[in-house]
Amino acid sequence: MNRLIKKANVLIEALPYIRTFKGKTIVIKYGGHAMTDAPLKERFAQDVVLLKYVGLNPVIVHGGGPQIDKMLQRVGIEAKFRHGVRVTDEATMEIVDLLNRHGGLAVGLSGKDGGLMLSRPLTAKAWAASLEKDLDDGEGDEDFGLVGEVQSIDPTLVRKLQQDNYIPVIAPIGTNREGDTYNINADLVAGAMAAALGAEKLVMMTDVKGIRDAKGRHLSTVSRKDVQRMVKKGTISEGMLPKVHACLDALGGGVGKAHIIDGRIPHAILLEVFTHKGIGTEIAS
């Protein structure tokens with residue numbers, strides 16, 4: 001009986017959050033080991049379906065980083081990163097297109113569909129400038145191959161899918177005005193999508209607990225200004241940079257709150273959204 005009462009208390013704890021977020025959009029960047037571990041994939045799907053059934057409007061942006069790395073190794077291509085952004089050449093781009101075309105992660109659409117996402121080439125100089133970081137010697141002349149950045153988003157298609165009760169699942173692929181295709185960092189797409197949709201929340205799934213301070217201590221809540229200072233000081237670096245950059249963009253675009261959570265934890269999304277304490281790092285404007 002005590003176990004049943006505890007279960008009831010969990011539901012009661014979730015009630016005010018369900019009431020608050022009913023009808024609101026939550027953008028989830030789905031990535032890391034949650035995309036490769038079978039039980040975690042099942043639980044992620046359950047979480048998203050539950051969000052929909054209790055009245056939220058989840059939108060998924062899928063990453064695919066671990067799968068891409070595995071396939072690159074298989075064909076002898078080195079996965080390169082610069083300031084946490086994957087450097088993609090033409091062969092890598094073909095593999096990304098293959099993943100999307102075969103729908104191994106049930107991708108519903110990409111930024112190329114319905115004029116959803118206009119992109120442009122991403123340069124090392126532009127990326128470093130957006131992070132307010134200095135480039136290494138000689139790095140300013142390099143680019144990211146076929147990697148792009150979000151220029152603009154037309155959320156009409158996504159909103160139509162939401163109105164028809166669908167859960168949009170978006171692959172981070174976009175085109176420029178000339179029709180050239182670019183792979184875009186999924187973190188950045190998620191942040192831009194959240195802002196374009198006026199989302200209540202942006203949730204970034206990763207393989208770490210969240211943001212840590214200079215002493216390695218986990219931060220459960222941090223302000224937007226504090227995150228900006230941590231980036232300048234180098235406390236936040238490498239793979240965390242695109243995630244916090246996306247969060248800052250989303251908050252600047254009017255999103256209520258952004259969260260970075262450990263997707264290796266079963267039902268991580270429900271724990272972050274529907275419990276008092278949460279499990280990751282919440283970034284508030």
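**Figure 1. Surroundings of V27.** Apart from its neighbours within four places in sequence, V27 contacts V59, V61, A190, M193, A194, L197, A199, K201, L202 and V203, where contact means heavy atoms within 4.5 Å. The model is predicted, and local features need pLDDT of at least 70, side-chain atom pairs count only at pLDDT 80 or more, and totals for chains, interfaces and linings use all residues. Residues are numbered from 1 along each chain as its sequence is written, and side-chain values use heavy atoms, with hydrogens and water left out.

**Figure 2. The largest nonpolar core.** This core has 43 residues, and V27, L202, I211, V227, I236 and I283 have the most contacts inside it. A nonpolar core is a set of buried Ala, Val, Leu, Ile, Met, Phe, Trp, Tyr and Cys residues joined through side-chain atoms within 4.5 Å; buried means under 20% relative accessible area, exposed over 50%, and partly exposed in between, with a 1.4 Å probe and protein chains only. Among the elements that each supply at least two residues are β2 (57–62), α7 (186–197) and β11 (201–206). The largest share, eight residues, comes from α9. A second, separate core of 22 residues includes Y30, I60, V169 and F274. In soluble globular proteins, nonpolar side chains tend to be buried together.

**Figure 3. The aromatic pair of Y30 and F44.** The two rings are stacked, at 3.8 Å centre to centre and with 5 degrees between the planes. Rings of Phe, Tyr and Trp (its six-membered ring) pair if their centres lie within 6.5 Å; planes under 30 degrees apart count as stacked, over 60 as edge-to-face and the rest as tilted. Y30 belongs to strand β1 (residues 25–30) and F44 to helix α2 (residues 38–53), 14 residues apart. Helices (H or I, at least four residues) and strands (E, at least two) are DSSP runs, numbered from the N terminus. Both Y30 and F44 are buried.

**Figure 4. Packing of helices α8 and α9.** The axes of α8 (residues 224–233) and α9 (residues 240–252) come within 11 Å and cross at roughly 145 degrees. Axes are lines fitted to C-alpha atoms, for helices over the stretch in contact, and angles run from 0 to 180 degrees between N-to-C directions. R224, V227, Q228 and V231 of α8 meet L241, V244, L248, L251 and G252 of α9.
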